[in-house]
Every structure is written in structure tokens, then in C-alpha cells.
Amino acid sequence: MSERRSVSIRVPVLARVEGEGALELDVEGGRISELKLRIYEPPRFFEKFLEGRGFEEVPDTVARICGICPVAYQMSAVHAIEAVFGIDAGPWVRAMRRVMYCGEWLQSHSLHIHLLAAPDFLGFDSVVGMAGEHAEAVRRGLELQGLGNDLIRLFGGRSVHPVGVCVGGFHRAPDAEQVRDLVARLRAALPQAEALVEWAAGLPLPEDEQDFVSVALRHREEYPMNEGRLVSSDGLDCSIADYERHFAEEQVAHSTALHSSLHGRPYLVGPLARLNLNHDRLPDAVRSTMERCGLRLPSRNMFHSVVARAVEVHLAVYEALRLLERYVPPDQPFVDVTPHPGVGYGCTEAPRGLLWHRYELDAAGQVRAARIVPPTSQNQARIEQDLRVSLEAFGLEHDDDALRLRGETVIRNYDPCISCATHFLRITVNRP
Amino acid sequence: MSAQVSTVRVIGIGSPFGADCIGWQVVEALQDRLDERGGPNPDVLDVQAVIADRPGVDVLRLMQGVRWAILVDAVVARDETPTGDDGAIARWPRWLQRDELQALSLEHSSHAVGVSEALALGEVLGQLPDRLSILGIGVEPDADAPAYAGAVEEGVAMILAALSAPRVEGRSEAALTT
């Protein structure tokens, strides 16, 4: 019989996540009595900032919400506003938006896999230690991340808070010569991305089967990025306009992020949820690499998220190459826009999962109300649920350092973008 | 151009916010001086000035293919006092050693990877240029505060002096070439 000790673990600043969060864990009599993922980063009020601003300002304003996934914010916003105005931006804009989004998945996933997640699984404190023994993998990761940044830069002028996106399309079209250079690099990166999938699938991941609900977009033909219906693994299938009928957000005292639920239950968004629900939409080349590596879907092991990210890196390289290989500069990189009053919705797949926007605009195209639901707040209740199950399955008899590390590993596995900051951990243990 | 032209890349690191943009301002002012041919002999030294917005590990790519890179970045530091106590907030441009940068980098720095970590990674991967110089410019910790008057001019003058008399700022590379 293991010791029924009381444990109190306080992780005041979570390391290797994007944002300021903390973990509080209390164990009494061999059971978890209290578990909180505290997000204490100050509220940011972006929805209020947008009120009264013209629709033209929205893409550049929302890009400021996140330094890692600005493209996702821009994409959800422009789709929502175009829905209000009744605009179809046309096939060229549609394809190039997908390419730009591929750039963001590529850079965000590559960063997370190599710099934030893999050190956990390989037993290192940081990527610097890991690079000594896994130099080739880290170099490959940095190359893929850099390629993603350059794809974003191609359309956005810069990779952090890009500025090229507008309602109706892009302010300017990339030069054919720049595109040719990137096509060559994408072609060279394709085998690298395949090798990454094999490497990620070979990581010594914990076995931890759990019951959870996956939620993602689903498109009639392609792996979802900018469009689709909202679907879940327990049967939801609705338009993005009906999001508020099924999903609720509520405040909890310990967090400045809202907790989301689907029909009253936590749910998962992000790469593993997307892959669980959309693996039949992967291009053959991407799916066959994944299958060769032994990933069976749908997966109930949350730690397969890192493999799902690698598969999506492969997909992003493949898709960007496919779409840029036939690049032709357009006569005009945007369609003309006439403001129109109304309400519109945009929902796209940010690297970390669903990013849902709702805008109410007046006749001049000024924002009357905005609502933005980011992926990490949707995952927050799910992360807490996972922590309870994972830590009890791991064994609460483990010492505090081991419990803390497992807890951090579980949290980091979601790649939470609490909003942009953070590093390491301190721990306080109270024993009776 | 002769084959002996050696490339130096001067990289201003920062963001548009407050004094964090000082690295960009120095590099932009340096570019102006180079355009006026106020810099070193272009037949000998090809000086490329670039700015980077919070590059994280991308700083390694920015240094690729050059033998000498000069990083210019805002730092928050306190001057030492004879008693060893913390002194006033530093207001200087100074050539820094790598280990000094590590001590100066904020423990809670955002986005997981700062310049110091990126350079540590670059060292392990063997991706640093032969010669690396780091010019730190001491600024207020308050994100909204602008850099002190004269910071840009002092920073540009130090870089131009280093370009004209290479290896003067050797302290920083001594730490690297061990």
C-alpha cells in the first residue's frame, strides 16, 4: 500500500508554454482534492478595442492578439467580415490564404515540437540540452520553422504580426520570383517533413488512453483550415453560425481565460482533434507516411498530439507546394468591398485549434460588437480534466518533482497559447 | 567587387514598443551613415544592416553565411557599485560577452526563446558565425519608456569604430572562440 500522503504542488509560472499560467495541485488521502490551471495573464480587452473601429482596421488589430498565430486571427476576422458583406474573395485569394495558413502551422508546430515538447519526451530541460544529442532533428526543426516564417512573410511582409491581409484578399501579391524560390525550398523540405513524422512517431511517448470529445472544422473535400462545418466526435455537425447554440463560455475565479464547454462538457480542439476527425481528408502522400509510422486514428492518447503536429507539418509543406507550384500573379490581389450592416461569423483552424469570431457591423462597416473565442480557452477545461486523469494514472505516490514534471508535460502537450510569455517553475510542497 | 570583400551583418533586434526598438533605430541610423559613405571602406567590408522583430531562434538563420555578425539589442541592466549593491539603471551602449547576455536576459522572457537561448542553441549546433559581437544598449525596464537621449548616436559610433578597427570589441568574441 503506498503512502497516503498529502501533497501540495504549486507551479507559479509554467515553463515552455506561450503565456502566463500556473498549476495548483493538492492531494489528500491518495486522491486529487484540488486541481487548477490558473491563467493569471491580465485580460486584454481586444473585443472592446475593436468596437467603433472600421472593418479595415480589424485584420491588423486582431493580429496583435498573438505573436505565434497572428495569421489565424486575421483569417477568422476577414472571413467573418466578408460573410457580413456577402463577398466571395475568389479562388486566387482562397488558395493564397491557405498557403499563408500553411506557413503559420509550419512555424508554430515546428517551434512547439522541437523547442517546447520534445525535450519533455527525451528527458532534457530544454532544447539546448537536447540539441547536443539530437542535433540533426533540431536543425531540421529550425529549417522547417524558418520556412514557415518565410511563407508568412511572403504575404504579410513580416512573420510577426504580418500586415498583408485585408478584407477581400491581400494588399499585394507576391512576386513570381519570390514564389519560385519558396517552391524550390518547399520541394526540398518535403522529405524533411516526412522524416519529421517518422521521428515524432518514434518518440518515447507515455501511454495514456483517455475518453475525450474532439471538436474541429470539417470541409467537404480538404483538410480544414479556413472553412468548414463544426463537427465533434460525439455527433455534433453544425454551421459555424450556430456555435453559440452548442458551446458556452463561463468565468471561473482562478483564471482570466474563460472556460468553454460543449453541451456542458469539456472538449478538445487542436491538431489531435483535427486529425481524429479529418484523417480521411489528408492527401494520399501525407496519409501514407502517417500510416507507415503506425499512428492509428482516432487516437485516445493525448500525447499523440505531438505526432499529429508533425503530420500537419507534412501536410502544410505538401499543400503550400501544391498551391504555389501553379502560382500565377493575379490582376488584382483582392476583390472590391462595399460595407454592409449585419452579423458575420468566421471560424478557422489556428495551429492550436478552433478560433471563432463574430462581428456585428454597422452600415459604414464599423464594428458594433465583436466576440473572439480562442483555442486555448476552449482547451482549458479539457487540460484540467486531463491533468486529473493523467496524474492519477501516473501515480500520485511519485515524488513532487516527478509529479510536477508530468503535470507540466501534460499542459505543454496542448501547446497552450495563454497569450505570449512564460518560462520556468518553482514548486512548494507542504507535507503534514 | 574583389574577392577579399568580407561580409559583416549588423542585426538590430527588437520590437516596435518603447525602448525595445532601440536596436532597430541604431541599425537604421547606421544604414543612413553607410549610405552617406560615412562607414568603413566598402571595397573591404560589405556591411549589411538588417532589423528583426523578436526573431527567437530565427536569429540563427539571420547570421547564416556571414563570418562576422553584430547583434544590437536593448538590455535592462544595473551599473555595478563599489559596494557590490545594485546601482542605477544602466544607460550605455556596451559590447557584451555572451555570459553577460545570459545574466541580463529576463528570466521570464516571453515566447520561450530569447537571444541568449538562441545563441546557446546555435553554439551547440555549430551554427554561429566565426565572429559574433553583441552590442547591448541599457534601457529602462518600463516597456513604454523611450531610450535615453544620445543612445542611437553612441551605438552607431561604437559600431562604426568596431568596423573600422576590427577586433577592438574582442571581449565578446573571446568568450565565443574558446
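In strand β7 of chain B, B:Ile137 is the bridge partner of B:Pro93. That pairing belongs to a set of 4 bridges that join strand β6 (residues 93-96) of chain B to β7(B) in the antiparallel sense; strands pair if DSSP finds at least two bridges between them. Helices (H or I, at least four residues) and strands (E, at least two) are DSSP runs, numbered from the N terminus. The model is a predicted one, in which local features need pLDDT of at least 70 and side-chain atom pairs count only at pLDDT 80 or more, while totals for chains, interfaces and linings use all residues. Residues are numbered from 1 along each chain as its sequence is written, and chains are lettered from A and ligands numbered from 1 in the order in which they are written.

Strand β7(B) also pairs with strand β3 (residues 68-75) of chain B, here in parallel, through 8 bridges. Within β7(B), B:Leu132 stands opposite B:Ala69. Because 8 of the 8 residues of β7(B) (residues 131-138) are buried, the strand is largely enclosed by the rest of the structure. A residue is buried if 20 or more other C-beta atoms lie within 10 Å of its own, exposed if 12 or fewer, and partly exposed in between, with C-beta atoms placed from the backbone. In a regular strand the side chains alternate between the two faces of the sheet. Both faces of β7(B) are covered, with B:Arg131, B:Ser133, B:Leu135 and B:Ile137 buried on one side and B:Leu132, B:Ile134, B:Gly136 and B:Gly138 buried on the other.

Helix α4 (residues 115-125) of chain B has 8 buried residues out of 11, so this helix too is largely enclosed by the rest of the structure. Those residues are B:Val115, B:Ser116, B:Glu117, B:Ala118, B:Leu119, B:Ala120, B:Leu121 and B:Gly122. After α4(B) comes B:Gly126, with a positive phi near 65°.

Turning to chain A, helices α6 (residues 135-156) and α7 (residues 176-201) pack at an angle of about 145°, with their axes 10 Å apart. Axes are lines fitted to C-alpha atoms, for helices over the stretch in contact, and angles run from 0 to 180 degrees between N-to-C directions. Residues from α6(A) in this contact include A:Leu144, A:Leu147 and A:Leu151, and those from α7(A) include A:Leu182, A:Ala189 and A:Trp199; contact requires C-beta atoms, placed from the backbone, to lie within 7 Å.

Chain A also holds an open sheet of 3 strands in the order β6-β7-β8, with antiparallel pairing. Its edge strands, β6 (215-218) and β8 (237-238), each pair on one side only. Helix α9 (residues 271-278) of chain A packs on the sheet and touches β6 and β7 of chain A, its direction making about 55° with that of β6(A).

Some backbone details are worth a look. A cis peptide bond, with omega about 0°, joins A:Leu297 and A:Pro298, and A:Pro298 sits in the loop between α10 (284-292) and α11 (305-325) of chain A. A:His263 has a positive phi near 50° and counts as exposed, with 12 C-beta neighbours inside 10 Å. A:Asp415 likewise has a positive phi, of about 50°, but counts as buried, with 28 C-beta neighbours inside 10 Å.

As for confidence, chain A averages a pLDDT of 90, and 93% of the residues score at least 70; pLDDT is the predictor's confidence in each residue, from 0 to 100. Over residues 419-432 of chain A, pLDDT stays under 50. Where pLDDT is low, the predicted coordinates should not be read in detail.

Note on methods:
Two residues are in contact if their C-beta atoms, placed from the backbone, lie within 7 Å.
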